[in-house]
Amino acid sequence: MLGISLIVLIWHVQTLLARHIPASNADTYLDSTHQTPIQAPDLPKKQDTLPEPGFFTLSAPVQLEAHIMSKCPDARDCILDQVVPAMSQLDPKIVNFTLSYIGKVSEGDDGVECMHGPNECLGNILQLCAAKLYPDPKQYLGFTYCTMKQYDLIPQRSLIQECAAEYGIAFSRLNDCASKDDGGYGMRLLRDSVERTRKAGVTKSCTVRVNETIWCVRDGGEWKECDGGADPKALVDHIQDLYNTKNGVK
Ligand SMILES: *[C@@H]1O[C@H](CO)[C@@H](O)[C@H](O)[C@H]1NC(C)=O
Ligand SMILES: *[C@@H]1O[C@H](CO)[C@@H](O)[C@H](O)[C@H]1NC(C)=O
């Protein structure tokens, strides 16, 4: 815990010294090496009148969750090769995506131990802060995708600044989130996420789950427990099928 606070502090001080980098608008979800930009989810519209009975149907999105660690090569493969390409093909209305983290809650204090050390914990916290501040996957998943491409450099300030700017995220807000309460705020985000993963019984980074059932595991550079296929298209089709079943679409 102290180690993390120290790193957060050092990182914060470094940032205070850095000049302000303006965040640009993220026009597209993927970088130029990928083809399909993701659609921004439609915002719910205010309704003046209640819809007629029988007309209104509440559509329930399919839950998609990836459990990762920010400095893990399997997580990189999972995010870059499966999750992001699938998300870019899915209608945002039919999927509810959650990114969760794997770690160990330290005994005796409020900290979290990360497999690749305090730098990984800080990387996880920065990605969680991005998700908290910019809940649209187009932004926070884009940011995460960008950092995971160079996971070995996480949490270097230059990488975080570059990826934040690329996806319209204000670096100063990320930094404030990670440093708030001497790092306690970000650590709580991480602890809650790690706890969520533990409750789901997930231990391997990366594990992709659909409707709370394991879809694929990326482990040791290989796809495992992946009977439906590791191809992003298989994941897209599966989510679309589940959505149709759930919502009575023929
Ligand atoms: C989406 O997932 C989150 C968990 O990350 C959950 O709290 C929320 O209720 C879900 N929303 C819908 C509409 O399913
Ligand atoms: C989602 O999973 C639950 C059990 O975890 C199951 O009862 C339900 O049928 C599944 N939904 C679909 C659409 O398959």
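This briefing describes selected local features of the structure shown above. The structure is a predicted model, in which local features need pLDDT of at least 70, side-chain atom pairs count only at pLDDT 80 or more, and totals for chains, interfaces and linings use all residues. Residues are numbered from 1 along each chain as its sequence is written, chains are lettered from A and ligands numbered from 1 in the order in which they are written, and side-chain values use heavy atoms, with hydrogens and water left out. Helices (H or I, at least four residues) and strands (E, at least two) are DSSP runs numbered from the N terminus.

- Asn211, Leu242 and Lys246 are the residues around ligand 2, where a residue counts as near if one of its heavy atoms lies within 4 Å.
- The side chain of asparagine 211 has an N or O atom 2.4 Å from an oxygen atom of ligand 2; a polar contact is a pair of N or O atoms within 3.5 Å.
- On its own, ligand 2 has 360 Å² of accessible area, of which the protein covers 41%; such areas come from the Shrake-Rupley method with a 1.4 Å probe.
- Asparagine 211 lies in the loop between β5 and β6 (213–219), and its phi is positive, about 50 degrees, although it is not a glycine.
- Glutamate 212 lies in the loop between β5 and β6 and has a positive phi near 60 degrees.
- Asparagine 211 is partly exposed because its relative accessibility is 42%, whereas glutamate 212 is exposed because its value is 62%; buried means under 20% relative accessible area, exposed over 50%, and partly exposed in between (1.4 Å probe, protein chains only).

**Valine 236**

- Valine 236 belongs to helix α8 (residues 232–246) and counts as buried because its relative accessible area is 4%.
- Leaving aside neighbours within four places in sequence, valine 236 is in contact with Ala86, Gln89 and Leu90, contact meaning heavy atoms within 4.5 Å.
- Proline 85 is 151 residues from valine 236 in sequence, yet the two are 9.2 Å apart in space, C-alpha to C-alpha.

**Helices α4 and α5**

- Two packed helices are described by the angle between their axes and the distance between the axes.
- Helix α4 (residues 137–148) and helix α5 (residues 157–166) pack at about 145 degrees, with axes 9 Å apart; axes are lines fitted to C-alpha atoms over the stretch in contact, and angles run from 0 to 180 degrees between N-to-C directions.
- Phe143, Cys146 and Thr147 in α4 meet residues in α5, including Leu159 and Ile160.

**Cis peptide bonds**

- Isoleucine 154 and proline 155 are joined by a cis peptide bond with omega about 5 degrees, and proline 155 is in the loop between α4 and α5.
- The peptide bond from serine 205 to cysteine 206 is cis, with omega near 15 degrees.

Terms used:
Polar contact = N/O pair within 3.5 Å; in protein donor to acceptor, adjacent residues only side chain to side chain.
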